[in-house]
Amino acid sequence: MGSMFRSEEMALCQLFIQPEAAYASVATMGEAGVVQFRDLNSEMNVFQRKFVSEVRRCDELERKLRYIQAEVHKDHVHVPVPESSVFPFAPNPREIINLESQLERTESEILELSHNAVNLKSNYLELTELRHVLEKTHAFFEESFSFQQQDGASASGTDSLTKALISDEALNSQSQVTRGRLGFVAGVVPRERVPGFERMLWRISRGNVFLRRAELEDSLEDPSTGNEIFKTVFVAFFQGEQLKSRVKKVCSGFHASFYNCPSAHSERQEMLKGVKTRLEDLNMVLNQTRDHRQRVLTTVTKDLHNWGVMVRKMKAIYHTLNLFNMDVTKKCLIGECWIPIKDLAFIRHTLAEGSKAVGSSIPSFLNIIDTNENPPTFNRTNRFTQGFQNLVDSYSVSGYREVNPALYTIITFPFLFGVMFGDAGHGIILTVFSAYMVIYEQQLSKTKSSNEIWNIFFGGRYIILLMGFFSIYTGIIYNDVFSKSINLFGSSWSINETPSHIIGNKSITLDPATEDYSQKPYPLGLDPVWQIAVNKIIFLNSYKMKLSIIFGVVHMMFGVVLSVVNHVHFNKKINIILQFIPQMLFLVLLFLYMVSLMFMKWIWYGPKNPLKTSPRCAPSVLIMFINMMLFKHTKPFDGCDEYMFEGQGGLQKIFVMIAMLCIPVMLFGKPLYIILYERRHKKHTSDSCGELNGSIELKETELSGMLNDAAGHEEEEPASEILIHQSIETIEYVLSTVSHTASYLRLWALSLAHAQLSEVLWNMVLRLGLTSDTHWGAIKLYIMFGVWSLFTLAILVMMEGLSAFLHTLRLHWVEFMSKFYVGNGHAFQPFWFKHVLENEEAVED
């Protein structure tokens, strides 16, 4: 919890590690994630660094892993999800050699299997095409033969294509000679190329090629890609060797496959029988090859995740070692890093264990460096506090050792959200949803989702859980459950009217001055009878508006009080006198006084009191505050007093005068102190340091620190800039106290809007299903309930919840944190394997 109150103390350290122990030491630091390394070789490019060959070695291993993963996904092999979130450690040098050989062997085996599978599939594809050619061309040859048996008269009546194909001389000669002169080419061509293929054959032969084709009903598989391909069987009949060579060239250009197809029917049948036998044998071999490949890939998937983690960790280690510098003797690696003070003992132990593990005779060690650099900000968090810390860091990273607002945001954020979202029913929905994510967070975290909205909800599950809890609490205080009230303790109001009068009036007005009120408040929250009162809105407006102002003033005062913690820690105690006290006086004397008037009005004035303390004489707090600031008076009603107590007018004038006097103190106090006192003190200190330069007892580190201080003092901010800067801060604070107080009225506005929208949704939708008294009423109610549930989730929970969340975020970022938070730090970015693996997964997705 200490690191949540303010960031942890950091130290800039120098690591001296023996080269043989560097890998093991950095690997242990990467598992812990508490060291942020600095690049000591920024002037060198990536190819000039010492461990570039090892990084390339890791790149080659990653290439092999990507190939294996691609083959696994190609065959749709299930990759098991790791049973635990515990990842394997980075491999030691001996394990790296074994991993390399294992990946090499696996890649070679998969490559060989893939090559064999492609060859077998190619042979299978050729035999399948040949089978289709033999089966489809039987009708083609019968048709060609029938053309040659026709007489001259019948031939003259055939198609012009047949006439060109068989000349008159061929018809007058013997049929055997004609059949010997007629040649053909059979094969398959891609289906999408068939139209162009036909046109080209027509053009090169001038219509002297007789083409017959038939489409294959079943698709074929491409051996290389596995994609579906569709082909068409064709037979082209022609005469002459010259035309034969032209036809073959066209077929080659259109990527058609040729197959030797006998013209005799008996030879084709015999060849078809042999092809089918070979296809059966080849199909059996293919199945065996596919099963063996499946077994190999299934075996690989068990270790694939661990291999990937080990290679990424190994690569990250060598990238980190490239940030180190080599000493002159080339026997020691020197690195600089930021380390939390609490983890220095762990890092020293890690260095010692790393040297012991490799049997190094020279131990590695750590040296703390004195520096004036601003250390990074590190707030140690857990699963519960991480979400709230992210809310603060989204605005800006807190300065080093500055008060961390996230600690207080854990309570104030869900509470202010609940004030705006005050409905117990809607709060239960949020609580159930977030409780599901919290209870099953281990299982859900293992399931990597690409849905960004779900990832946001899951990351803020504990925030949503507390928001649900506080929404239920404020819903109970408002007595609001899905826009309806619950009567748990019995109402403090009674009806003193006749039944006929009650039935005749559809609405009632609650007046605490009548006998209807028992003068005993409802035990918890709002009395349920206000739900049906006509003056409900008037009452709730006054009630919630005052609550908003009270919460806002207390919240801002708490922020101003937190600034004292920063002043004390950074040894700027003069700011307590010149900044905190005038700021707090200004806030207390004006706005806390206004809050106290609200409580006095609630306590002193009542319907049963005498006239001067009755509701008629109760002054308006807002009008009284305006009159106080403008030194004006408002004439009260007859028999009433202008003020709540004697001497209030004079006291208010004193408060305003003191508050106005605080403004010049805030405006000129700090600049005058810096110009008149602090600079003289620094000059005197630097002169004293100059006299000590000749002392032989002055340590080297102290001297360097003094020189750095002297260099920093040379660039002093001019007095005019100091005054301008302080003027801006003073004007901003004075004006913001008014604007920020008014900004907290959003608590009242959103609470009222949420309650009214929920009531409208109930009356306009669900009530329609409750008013029917027929048999169809159940169906109508079922439908109306579904519509009401949909609108409740979509509008009241999702949209209104998001609106309340954003308004609450603004109240913290602007109204609360501006009172003490500087936010000029830079985040601590440790070398952590968890971040490395998450970034790699994000890139892959």
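**Figure 1. A buried glutamate, E441, and its salt-bridge partner.** In this predicted model, E441 is buried, with a relative accessible area of 8%. E441 forms a salt bridge with R383, and the closest N and O atoms of the two residues are 2.4 Å apart. The pair links distant parts of the chain, since R383 belongs to helix 13 (residues 383-395) and E441 to helix 16 (residues 441-446), the two residues being 58 residues apart. Side chains of opposite charge can pair when their charged atoms come close, and the structure holds 26 salt bridges.

**Figure 2. The salt bridge between K608 and E515.** The closest N and O atoms of K608 and E515 are 3.8 Å apart, and the two residues form a salt bridge. K608 lies in the loop between helix 21 and helix 22, whereas E515 lies in the loop between helix 19 and helix 20, so the pair ties together parts that are 93 residues apart in sequence. K608 counts as partly exposed at 45% relative accessibility, while E515, at 62%, counts as exposed.

Figure 3. E815 forms a salt bridge with R810, with the closest N and O atoms 2.9 Å apart. Within this pair, E815 is buried, with a relative accessible area of 0%, whereas R810 counts as partly exposed at 33% relative accessibility. Elsewhere, a network of salt bridges links E8, D343 and R380.

Figure 4. The structure holds 1 disulfide, formed by C617 and C640, whose sulfur atoms are 1.7 Å apart. The torsion about the S-S bond is about -60°, so this disulfide is left-handed. C617 sits in the loop between helix 21 (574-604) and helix 22 (621-630), and C640 in the loop between helix 22 and helix 23 (648-691), so that the pair links distant parts of the chain, 23 residues apart. Both cysteines are buried, C617 with a relative accessible area of 4% and C640 with 9%. By contrast, the sulfur of C13 is 5.4 Å from the closest cysteine sulfur, in C337, which is too far for a bond; C13 is buried, with a relative accessible area of 0%.

**Figure 5. The nonpolar cores.** The largest nonpolar core has 69 residues, and L590 and F591 are those with the most contacts inside it. Helix 21 supplies the largest share of this core, 14 residues. When neighbours within four places in sequence are left aside, F591 is in contact with V553, F586, F625, T737, V738 and T741. A second, separate core of 51 residues includes L113, V296, W307 and L344. For the protein chain as a whole, buried residues make up 42% of its 845 residues.

**Figure 6. The surroundings of Q18.** Q18 lies in the loop between strand 1 (10-17) and helix 2 (19-32), and at 8% relative accessibility this glutamine counts as buried. Apart from neighbours within four places in sequence, Q18 is in contact with K331, C332, S360, I362, P363 and S364.

Figure 7. I476, I486, L488, F489 and L524 make a nonpolar surface patch of about 470 Å². One of these residues, L524, is placed in the loop between helix 19 (499-504) and helix 20 (536-569), and L524 is partly exposed, with a relative accessible area of 38%. The protein chain exposes about 46400 Å², of which carbon and sulfur atoms supply 59%.

How values were computed
Residues numbered from 1 in each chain as written. Predicted model: local features only at pLDDT ≥ 70, side-chain atom pairs only at ≥ 80, totals over all residues. Heavy atoms only, no water. Patch = residues over 30% accessible without salt bridge, like charges linked within 9 Å, V, L, I, M, F, W, Y side chains within 5 Å. Areas by Shrake-Rupley, 256 points an atom, 1.4 Å probe, with all protein chains shown as cover. Salt bridge = Lys/Arg side-chain N within 4 Å of Asp/Glu carboxyl O. Helix = DSSP H or I, 4+ residues; strand = E, 2+ residues; numbered from the N terminus. Buried < 20%, exposed > 50% of the residue type's maximum accessible area, 1.4 Å probe, protein only. Contact = heavy atoms within 4.5 Å. Disulfide = S-S within 2.5 Å. Core = buried A, V, L, I, M, F, W, Y, C linked by side-chain atoms within 4.5 Å.
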